[in-house]
Every structure is written in structure tokens, then in C-alpha cells.
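Thanks for coming, everyone. Let me put today's structure on the screen, and then I'll walk you through it.

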Amino acid sequence: MRVEQVLHALGDPVRLMIVQALAAAPEGVACGVIPLPVTKSTRTHHLRTLREAGVISMRTEGTRRMSTLRRDDLDALYPGLLDGVLAAPR
């Protein structure tokens, strides 16, 4: 997990919406549940970017793909980063 990849992933407004939703649901959220103003293929792109940066992890639960914020890993490597990003005014 490299800081420049994490910052790039968190720098997009749509990806930030995903991270905010996942921060509110520590047990994880199904991919299509978070309301986003983008198409399905764009949603997939944003989720892949977050996953490749190490910000989220994904697991299969039946027929659904569940996304989970890797908050513990982010807090261990970059203390305060996620809290600061989530608390920043929009």
C-alpha cells in the first residue's frame, strides 16, 4: 500500500463517496448498494482503483461482491489520514 496510490484513490469525489459509505458500514457493503451518480462500468472502475490502492478489500458472499474498508491497515500505515479525509468539508 503506497501513499501516492492511496491519495490518488481518495482524491476522486465518487471514490470518496464509496469510502464514506464503507466507513459507516464496517461489516461491508454489496457493490451495487451504494447510490452513485455513475454507470455500472464506471462504478466497477472506481471500486477496482480503491482495491488496487489497498483502500478496500472485496469478498464474495453468495452471488454478491462485498466491499470492506481496510481501516485498520490504513490507520496503521498512515495514522490520521483516513479520519482527516472523512472529516474534511465537501
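**Buried faces and charged pairs**

Start with His46. Leaving aside residues up to four places away in sequence, His46 touches Asp12, Val14, Arg15 and Ile18. Before I go on, a reminder: this is a predicted model. So where does His46 sit? Its place is in helix H3. Buried or exposed? The relative accessibility of His46 is 7%. The cut-off for buried is under 20%, so His46 counts as buried.

Now to helix H1. This helix covers residues 3–10. Which of its residues are buried? They are Val6, Ala9 and Leu10. Look down the axis of H1. The buried residues fall within an arc of 95 degrees, so they line one face of the helix. What does that set of buried residues pack against? Four helices come up here: H2 (13–23), H3 (40–53), H4 (71–77) and H5 (81–87). Notice H3 in that list. That is the helix where we found His46.

Next, charges. Side chains of opposite charge can pair when their charged atoms come close. How many salt bridges does a search of the whole structure find? Six. I'll show you some of them.

Take Arg2 and Glu4. They form a salt bridge, and the closest N and O atoms are 2.2 Å apart. Glu4 has a relative accessibility of 40%, so it counts as partly exposed.

Then Glu61 and Arg64. Their side chains meet in a salt bridge too, at 3.6 Å from N to O. How accessible are these two? Glu61 is partly exposed, with a relative accessible area of 36%. Arg64 is partly exposed as well, at 43%.

Now Arg71. Its salt-bridge partner is Asp83, with the closest N and O atoms 2.2 Å apart. What does this pair link? Distant parts of the chain: Arg71 is in helix H4, Asp83 is in helix H5, and the two are 12 residues apart. Arg71 has a relative accessibility of 25%, so it counts as partly exposed. Asp83 is partly exposed too, with a relative accessible area of 40%.

One last point on charges. Which residues are joined by salt bridges that share partners? Arg59, Glu61 and Arg64 form one network that way.

To recap. His46 in H3 is buried. And the Arg71–Asp83 salt bridge links helix H4 with helix H5. Thank you.

How values were computed:
Residues numbered from 1 in each chain as written. Predicted model: local features only at pLDDT ≥ 70, side-chain atom pairs only at ≥ 80, totals over all residues. Heavy atoms only, no water. Buried < 20%, exposed > 50% of the residue type's maximum accessible area, 1.4 Å probe, protein only. Arc of directions from axis to C-beta. Contact = heavy atoms within 4.5 Å. Salt bridge = Lys/Arg side-chain N within 4 Å of Asp/Glu carboxyl O.
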